[in-house]
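Hi everyone, thanks for coming. Let's take a few minutes to walk through a chain together, one piece at a time.

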Amino acid sequence: MASNTLADVGDDAPNYQLRGIEQVSPNTGTKRYIPDSPSSLTPAEGMLFDTEGQKDFRPVDTLVEQPSDRWVRRVPSKRTGCQAAIRIKLTDAKKYLLYHFIEAYNHDFVHQEDLHLLKENRGINRAHEEMINKMSHLNIGPVRAFNIMKEVYGGFDKVGATKVDFRNFKKELNLFIGEFDAEMFVKRLMRKKEFLPNFSCEYEMTDEGVLKCIFWADEDMKRNYYMFGDVISFDATYKRNKYNMMFVPFTGIDNHNRNVTLGAAILGSETAETYSWLLRAIKNAYGYAPPVIVTDQDPVMKKAIADVWPESRHRLCMWHIMDKLTTKVGAALCSNTDFKKRLSAVVWTDSLLPEAFEAERAAIIHDFGLTDHEWLTYIYGLRESWIPAYYREEEMSGLMRTSSSAKARASEKRS
């Protein structure tokens, strides 16, 4: 398709049209160039005009110093002895009389090397559109696409368009797609569902036809779920797109402690209704809910899990909680003391019994005078949902420990 088109077009330079009409003398071979314009716009000797027109007035602020080193583009002069001319004089009747007019030029109106810049000699064709579209799929912008096409064709003058033409086409394409991209996205996934029997996709629209939420899982995601879906992580903290919709991946841990994707969704809101719809869609796709699900501290999500997946055990993401530590306790305490190191040592382990954790945690809080700290007291009250010491016998597939590094990498990418 596009590659064949590029190869075919790149062999020959475009046949650019000259500006005006070329006339060749049969006797001497002398060439003349006549402007190609309607007769109604062509001047003729004897014409009278009431005015001679005027240039647009551009006011200059005399109070502002004008730059003395103003850059001026210098174009080399090519004298050809051309006799083309138009002469006008003011008559006694205060009329402007065109008394002398020679229409023919002895040179072309545009240099051969500049013909490709004329508007009538450039434009976006099918090959250009294919190139821009396919390059955009690779996150390559229109200017880089033009440069690639220039190398394929063998020069700027052989492309048949300019960088500005490429940018304008991409801009117009984005404006056109902007109103239909959600519809195109849904249709693409539903078409996959039609032809791939093990592909799942569900979505909901508002009464006005706006996409509310969509969930999908392909064959690889489902295979991961059946093999490593004992514990899944639900992360709704990623950045939103231009439509204020958030991307929500479902993640598990494989036998090598690597993150694997179990499914994905795009949500337009974080309401209990939306979360409940999503959890039902997941259960429909896989046939059963996971034994354990790990989320952040969103109370709406907690309620949805209790309503839709009552058989699943809900755990809180340790990384999200510990990531707040510096903000909640203070940078000075976390940076200039061993407070964070000591607390992490008793949190990020499942080797401690609950009694040992209680004793170690109490000693840390006492040593740093944080007995009455409101946030630390609050998260301590949730300890059975996120401290591994309280579910040592529960298989977590390493997710509570290894998800921290994955989340940290994702956070770095978003920033």
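Let me begin with a term: a salt bridge is a side-chain nitrogen of Lys or Arg within 4 Å of a carboxyl oxygen of Asp or Glu. With that rule, a search of the whole structure turns up 10 salt bridges.

Before we go on, a word on what we are looking at. This is a predicted model, where local features need pLDDT of at least 70, side-chain atom pairs count only at pLDDT 80 or more, and totals for chains, interfaces and linings use all residues. Residues are numbered from 1 along each chain as its sequence is written, and side-chain values use heavy atoms, with hydrogens and water left out.

Now the overview. The chain has 16 helices and 12 strands; helices (H or I, at least four residues) and strands (E, at least two) are DSSP runs, numbered from the N terminus. Of its 415 residues, 36% are buried. Buried means under 20% relative accessible area, exposed means over 50%, and partly exposed is in between, with a 1.4 Å probe and protein chains only.

Let's visit helix H8, residues 299-308. Which residues of H8 are buried? They are Met301, Ala304, Ile305 and Val308. These four cover an arc of only 100° around the axis, which puts them on the same side of H8. The arc is that of the directions from the helix axis to the C-beta atoms. Here is the background: an α-helix has 3.6 residues a turn, so residues three or four places apart point the same way. The cover over the buried residues of H8 includes helix H7 (272-286) and strand S8 (231-234). Turned away from that buried side, Pro299 and Lys302 are exposed.

Asp307 is partly exposed at 48% relative accessible area, and Lys303 is partly exposed at 49%.

Next comes helix H13, residues 354-367. Its buried residues are Phe357, Arg361, Ile364 and Ile365. They span an arc of only 95° around the axis, which places them on the same side of H13. On the other side, Glu355 and His366 are exposed. What do the buried residues of H13 pack against? They pack against helix H12 (339-347) and helix H14 (374-381), where contact means heavy atoms within 4.5 Å.

H12 and H13 share something else. The side chains of Asp367 and Arg342 meet in a salt bridge, 3.1 Å from N to O. Asp367 lies in helix H13 and Arg342 in helix H12, so this pair ties together parts that are 25 residues apart in sequence. Asp367 is partly exposed, with 46% relative accessibility, and Arg342 is partly exposed as well, with 27%.

To finish, two loop residues. Lys94 has a positive phi of about 60° although it is not a glycine, and Lys94 sits in the loop between strand S4 (85-90) and strand S5 (96-102). Asn257 also has a positive phi, near 60°, in a residue other than glycine; its loop lies between strand S9 (246-253) and strand S10 (259-267). Lys94 or Asn257: exposed or partly exposed? Lys94 is exposed, at 61% relative accessible area, while Asn257 is partly exposed, at 46%.
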